[in-house]
Protein chains: 2
Amino acid sequence: MTGDNSEFSVIDRLFKPLAGLTAEARGLIDDVAVLGARDGYDLVVTTDAMVEGVHFLSTDPLDLVARKLLRVNISDLVAKGADPYGYQLLTAWPKGMAYEGKEIFAAGLRVDQDEFDFDLFGGDTVSTDGPLLLAITAFGHAPTGRTLSRAGARVGDRVLVGGYIGDAHLGLRVLRGEFDDLSDAHKAHLIRAYRLPQPRDDMADTVLENAHASMDISDGLIADATHLAKASAVRIVIDLDRVPTSDAARAAMVLGADAVDLVTGGDDYQMLCTASAAGAKVLIAAGFVEVGRCEAGEGVDLISNGQVLELEDRGWVHG
Amino acid sequence: MTGDNSEFSVIDRLFKPLAGLTAEARGLIDDVAVLGARDGYDLVVTTDAMVEGVHFLSTDPLDLVARKLLRVNISDLVAKGADPYGYQLLTAWPKGMAYEGKEIFAAGLRVDQDEFDFDLFGGDTVSTDGPLLLAITAFGHAPTGRTLSRAGARVGDRVLVGGYIGDAHLGLRVLRGEFDDLSDAHKAHLIRAYRLPQPRDDMADTVLENAHASMDISDGLIADATHLAKASAVRIVIDLDRVPTSDAARAAMVLGADAVDLVTGGDDYQMLCTASAAGAKVLIAAGFVEVGRCEAGEGVDLISNGQVLELEDRGWVHG
């Protein structure tokens, strides 16, 4: 059924069901959301936006875009040891965007709200002459004073990642026509990593208990390790040979992908953390992989076969 | 001095000084903000976006756009009886936008952060092929369980507004070339009302103590009274002859502006509330003006000289 495409109709028919009966959302009929203080907990807040053509492709299905939007924000929360709680949603629809597209977008939100027990509290809806822009301000709870930061790494810490690195970067390149000789299964794996990151909300408590510093990887492992090293005033040495890669990524490397691309690409949304030797043991038992060490100094060195690699461009620019 | 226009430079040089030393912002070097629970208070949250060409004009000075962005959100908070606390900022800069414009925008944020004791906690910065888009998710505190809503109006309540109605609507029309025969002082007054709303944060406590229902007027007095009437399941009768208007607005009416335009225009960002007779007395002493009553029934009637006026279009569409 085709809906009335007005702002009020979209809110009434697509967003109010997402707010449900939570006290916080007030049924979306009010101008504000109201979040009660949770005794013994801080509210952890993050904002992430996605722009069509920059952070996702025009051809990406809108339900997956919605789910990625939620997951990118949930990824930030869980990397800090916070329990996902709910979100404010901003949608800037291109003028003339059909109701059906908005409906598909809302259906994607529903899937991952249920998956992550994450509720819509409020937001704003506008229209624009520009590309589709979506943003979330996400809330989580962490025990008072214990929210992890980038700044807690210590000399001697182990450096760990929460899962495969580089799949999302390769998935974007597959969508752009590269690595055509990959198997369909490998292509599907890489594309899915790009479109649908997997935040490990089940690991938030373990990270909170065992990590000294933690963040999620969005700009690429090397770039984000550089941010963490700077905030913590340590040097980080990453061993490229220990960075975990999927079967699909290794198949792409056989077809010419460079291992350095995997650690300088972006969009991984895996956790990056540091911990003592004892903390690292617990994290490794939970599925983390040790990829390096914190030393005295500054910056990041990438080594392979014991040799420091020269990186011309350690960052990653969207698009 | 011309700055490096990269995302990191804009954050470092323009936004970090706005976050200052608040514990919440973590110096903007982390991925999240952390808001401690305030015992006895709820966190009140609102999100409002502004798009160039829709919510502001390309010719509006960017420092005033920044201040309007903050004030539109603060207006929502204080109308609910909440004390403004801080905000998450989303900026989607058009590709190629000069650093100088961003600097002017940040300078405007600084002015009103100081004016309203309102701090930057975090956010996100992206670029877009579209027009400039700015959004804030704003936080305030209200005593636990007492945040005002649209839904508390009772039959017999007085309906009150917090200040002049229609100035902002007329200011937009002046900017578009209408009412050229107005005096420069009147033009300046109306343009200023459009560009720089005046949220009455000094009235938040009085409203909290005395109002049954409250919201701010963004879509026009009639449209927002209709929202309030619907949420409260009452009928609201507004007496056009009692709606407060500025000298400048009355001068514009002499030049052809219709009184009905003032109550169906938008962008007032004045408070609209309902209260008992006793509550209304306190509110009137604080500067509110009584403009109508709540009756049994539904919808909004606008009367003048005791006659109900027919309104073809009670809403207001941006742009």
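In this predicted model, strand β1 of chain A pairs with strand β2 of chain B, residues 41-51, through 4 bridges, and the two strands run antiparallel. One spot to look at is A:L35, which sits opposite B:L43 in β2(B). As a bit of background, strands of a sheet pair through backbone hydrogen bonds, either parallel or antiparallel.

Counting contacts, 50 residues of chain A meet 50 residues of chain B. Putting the chains together buries about 3800 Å² between them, and carbon and sulfur atoms give 58% of that area. On the chain A side, the residues that lose the most area to chain B are A:D31, A:V45 and A:T47, which together make up 15% of what that side buries.

Now for the polar side of the interface. Between chain A and chain B there are 25 residue pairs in polar contact, with both residues at pLDDT 80 or more. Which elements of chain A give two or more residues to the side that touches chain B? They are β1 (33-36), β2 (41-51), β3 (83-94), β4 (119-128), β5 (133-143) and α7 (221-232). The most comes from β2(A), with 10 residues. Sorted by type, the residues on this side of chain A split into 24 nonpolar, 13 polar and 13 charged.

Side chains of opposite charge can pair when their charged atoms come close. The structure has 40 salt bridges over all chains, and 6 salt bridges cross the interface of chain A and chain B. One of the salt bridges links A:D31 to B:R150, with the closest N and O atoms 2.6 Å apart. B:D31 and A:R150 also meet through their side chains in a salt bridge, at 2.6 Å from N to O. Here B:D31 lies in the loop between α1 (7-19) and β1 (33-36) of chain B, while A:R150 lies in the loop between β5 and β6 (158-161) of chain A, so this pair joins two chains.

A:D31 comes up again in the database record. An unreviewed UniProt entry places the feature "binding site" at A:D31, A:D76 and A:D216.

UniProt (unreviewed entry) puts "domain: PurM-like N-terminal" at residues 30-141 of chain A. That span is 32% helix and 41% strand, and its end C-alpha atoms lie 24 Å apart. For "domain: PurM-like C-terminal", UniProt (again an unreviewed entry) lists residues 154-287 of chain A. Residues 154-287 are 47% helix and 13% strand, with end C-alpha atoms 22 Å apart.

Finally, chain A has an open sheet of 7 strands, in the order β7-β9-β6-β10-β8-β11-β12, with mixed pairing. At its edges stand β7 (213-216) and β12 (307-308), each with a single partner strand, so one side of each is left without a neighbour in the sheet. Inside that order, strand β8 (residues 235-239) and strand β11 (residues 300-304) of chain A are joined by 4 bridges and run parallel.

Terms used: Residues numbered from 1 in each chain as written. Chains lettered and ligands numbered in written order. Predicted model: local features only at pLDDT ≥ 70, side-chain atom pairs only at ≥ 80, totals over all residues. Heavy atoms only, no water. Contact = heavy atoms within 4.5 Å. Buried area = accessible area lost by both parts, 1.4 Å probe. Salt bridge = Lys/Arg side-chain N within 4 Å of Asp/Glu carboxyl O. Polar contact = N/O pair within 3.5 Å; in protein donor to acceptor, adjacent residues only side chain to side chain. Nonpolar A, V, L, I, M, F, W, Y, C, P; charged D, E, K, R; others polar. Pairing = 2+ DSSP bridges. UniProt positions renumbered as here; feature names shortened; annotations may be inferred.
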